[in-house]
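Dear colleague,

Please find the structure we spoke about below. A short account of the findings follows.

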Amino acid sequence: TAGSFSAPAVAQEEPQTIEGIVAIVNDQPLSYSDVRERASLLLLTLGAQQPTQQQIQQVTSQALDELIDEKLQLQEASEYEVEVSDEDINRSISDMARQSGLERDGLINVLLSAGVNPSSLEEQMRAEIAWRRIMGGLYGSRIRISRNQIDEAFEQQKASLTQVQYNLDELFLYAPSEEEKTQARRGAATIIEQLEAGAPFSLAAQRLSSAPTAASGGDMGWVSLDDIDPLVAEVVEGMETTGVSAPITVPNGIYLINYKGKRDPDEVETRVDLVRLAVADGSEDALREAASSASSCEEAVDAASGNANLDAAEITDVRIEDLGAEGQNMINEVDVGQPTQVFAASGTLAVMYVCDRRQSGAALPTRDEMEDRLFARELSMISERSLRNLRRDATIIQRGS
């Protein structure tokens, strides 16, 4: 709690204590009060009831790093004239409260009763929203996820489903240098203590992790060992019971893995229901006109029922793997309810509507979901890199406490 922190003794002869400065970020100060408030917020998030002095020191160090990054993000927001309204912040806090089963006012009351100034959470939200808008504005329109990238991701996903899969959460502490790794290991040990005391892993990951999965509480879903860092995979393979791993050191930081179980490989099989719409006279124009006016399987069947030149054949429960390479490519390129490209069939021309697509075993994402996933990962990597560059180029002076 906030009472666990003590400000440095400064200017004792003054009737009121003058708050000291712990760091200066590009000429803008961060006070001990700022750090205490953020550390209190982190401890509350982790569910720490009576933190030890060592835990307080580690969380305080984490709080300072967070505040330095946020200061850099807000400076960048000022540079790009990005504004975040009070309504934006309140909406984000309401969303956070909902995840905890509270209303916004209820969350604010929890903070106040724990001695945490809500302004620390508000400033964190302001920096997060501003940075997200900057990154989206600068790079969102530049990121292009190609059809080949989606196809490759699908193949990797399908391949992983044929291997033993592990249900994992991750918490990653970015620490590229040896000095930072030493500090990150101490921080990881503190986090483990809080987790053992009952703190939810998802909240710890959401607040502390540098991985792209932080927004979803560290949830990696079901993955194979080939999908994760080899050093992490080695530890995961050796875990026999559910729980949190010891800190795992990789070249650029420290991982904590929450192991939730494993399952044997699935025999993945994709099956589809189709409608083949063909023209009797072989007219491509007539076929394209019909396909452009029918935006579902039902509409394609209806169009054929009223047109002697059209024929709609329903084909159900087909293994897509039995369609051959060309057929698979055509089917995979379209969403449910949409027609394929025109193709030659039995001496005439046709298109194939996809009515339903399903997988046996574990479900694969849709193409749109896969594209969104790849886009989010790419933007997250750009965001992390941009923030590291800002920190590298900044003038940051930290003062001893």
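Does Asp317 count as buried, exposed or partly exposed? At 41% relative accessibility, Asp317 is partly exposed; buried means under 20% relative accessible area, exposed over 50%, and partly exposed in between, with a 1.4 Å probe and protein chains only.

Some notes on the basis. This is a predicted model, in which local features need pLDDT of at least 70 and side-chain atom pairs count only at pLDDT 80 or more, while totals for chains, interfaces and linings use all residues. Residues are numbered from 1 along each chain as its sequence is written, and side-chain values use heavy atoms, with hydrogens and water left out.

Asp317 sits in strand β9 (residues 310-319). Helices (H or I, at least four residues) and strands (E, at least two) are DSSP runs, numbered from the N terminus. Although Asp317 is not a glycine, its phi is positive, near 55°.

Asn26, also not a glycine, has a positive phi of about 50°. Asn26 is found in the loop between β1 (21-25) and β2 (28-31), and it is partly exposed, with a relative accessible area of 31%.

There is one disulfide, a term used for a pair of cysteine sulfur atoms within 2.5 Å. Cys297 and Cys355 form it, with their sulfur atoms 2.1 Å apart. Cys297 lies in helix α11 (residues 297-305) and Cys355 in strand β11 (residues 348-360), so the pair ties together parts that are 58 residues apart in sequence. The link is left-handed, with -105° about the S-S bond. Cys297 is buried at 6% relative accessibility, whereas Cys355 is partly exposed at 27%.

Regards
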